[in-house]
Amino acid sequence: MKKWGRKAAKTVLWTALVIACAGVFGVNNKTLAATSGGEDTGPGILLEQRELKGVWISYLEWNKLPKEEKAFQAAVDEMFDNCRDWGMNAVFVHVRSHSDAMYPSQWFPWSKFASGSAGKSPGYDPLAYMISSAHERGLQFHAWMNPYRITGYLMEWEEVPETAPAKQWLSDQDTANDRWVLNHDGEWYYNPSSPEVRSLVMEGVREVVSGYDVDGIHFDDYFYPELNNQDPARWFDFPEYQNSGSLLSISDWRRENVSQLIQGVYKSVKEETVQTVFGISPQGYVEHLRSDQKLFTDIDRWLSEAGFVDYIMPQLYWGFETKTPSGEEAPYRFEENLKTWIALSEKGSAKLYLGLAAYRAGTDVTDYTEVSEWLRRDDILKRQVEAGRASGRVSGYCFYSYSSFLQSQAQREIDNLLPVLREE
């Protein structure tokens, strides 16, 4: 039996058991909803009643991990031991960063960050081990994916394997699919307007949810790059818009392209297992999300309509004192931004988590104060968690990134944060 079959069978049996016992032991509806799809290993049980405390583990961390199996496993165990000891109960781990896979995939080639060489198998399944190691330590495992990005930092076009969908489409002598892949400002992306691209992304998501015991699927803020409809060199998918016959403005058309993907991914996840969550961590300033030049993230729709996300995790990476370049209080300073996101989240039922910037601790961040707040203060993250808790509207926190907790310049900030995270 395939793994998804065992998973589905376990869900049915667990649900039946809880329903049977509910009347006897007084289990309420909230507990029933939380436990009926939960893992008997622990991390998913009573999820509704737990504050999420997570950390992002990106492809940059993967790049530093050993590639030999035993050494990899030892390094992962140490990493997740640290996360548990810090008070975390979730990890958000890159499983696809550049149209690749940290696991054996029928859709994407092996990632160089998993094996050391793009397209080459490491000889074992690193994702399967990571999930097992996380769950053994009571950590939820959320599979983090970038839907459109093909190249970028540490990933050049020349390194993309010939087996990758992007290169197959460009080399198969079929000109009809050449524009499913686009070059923009020197980087390569899948074309968000292509139904075939949406199908590829959705099948990649379905593959992970059906094949692995993940607690969630996670996207971050990499959607459309910044575009210019007046410059043919930076048109991106403008020709597709011209040929579409759409009555929408081009900006709304692009927002619709992304929204169709998000709806499709949400549906793909829930068709496999209702207890696996899907969420997004967009850039933290709402007005950037509403831009007509980049991202095309229809945040207002995603948070007011059902069928898009189970949670939203905005990247609130600014301190309390951030100013604009002109010296005025910035509308995206933490407390003001938190109010904005609380109001947005109240439009629907999606949970609100906060993405917080551990990587800025102890560094000279340009925040247009005389001396950067991140150099003057060593309790910013602590106070941000406390402010979220005091609001009564924030369900959890995630920190970027794992490596930041180990940086020497961040230690005073982290030392102040950890007692707060360890609170139950």
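How many nonpolar, polar and charged residues are in the lining of the second largest pocket? I will come to that after a word on the source: this is a predicted model.

The count by class is 14 nonpolar, six polar and six charged residues. The pocket itself holds about 530 Å³ of space. Its lining is made of 26 residues, and those closest to the centre are R149, D220, D221, Y222 and Q283. Helix α3, residues 59-64, and strand β5, residues 187-190, each give at least two residues to that lining.

Now the strands. Eight of them form a closed barrel with parallel pairing, in the order β1-β2-β3-β6-β7-β8-β9-β10.

Next, helices against strands. Helix α6, residues 126-136, lies across β2 (90-96) and β3 (140-145), and runs at about 145° to β3. Helix α8, residues 195-211, lies across β2, β3 and β6 (216-219), with an angle of about 145° to β6.

Last, a pair of helices. The axes of α15, residues 380-391, and α16, residues 411-421, come within 7 Å and cross at roughly 30°. Angles under 35 degrees count as roughly parallel, so α15 and α16 are roughly parallel to each other. On the α15 side the contact involves I380, L381, K382, V385, E386 and R389, and these meet E413, I414, N416, L417 and V420 of α16. By class, the residues of this contact are six nonpolar, one polar and four charged.

Note on methods:
Residues numbered from 1 in each chain as written. Predicted model: local features only at pLDDT ≥ 70, side-chain atom pairs only at ≥ 80, totals over all residues. Heavy atoms only, no water. 1 Å grid on protein atoms, 1.4 Å probe; cavity = no way out; pocket = protein on both sides within 12 Å on 5 of 7 lines; lining within 4 Å. Points joined across faces, edges and corners; volume = space filled by probe spheres on them. Helix = DSSP H or I, 4+ residues; strand = E, 2+ residues; numbered from the N terminus. Nonpolar A, V, L, I, M, F, W, Y, C, P; charged D, E, K, R; others polar. Axes fitted to C-alpha atoms, helices over the stretch in contact; angles between N-to-C directions. Parallel < 35°, antiparallel > 145°, perpendicular 65-115°, else oblique. Contact = heavy atoms within 4.5 Å. Pairing = 2+ DSSP bridges.
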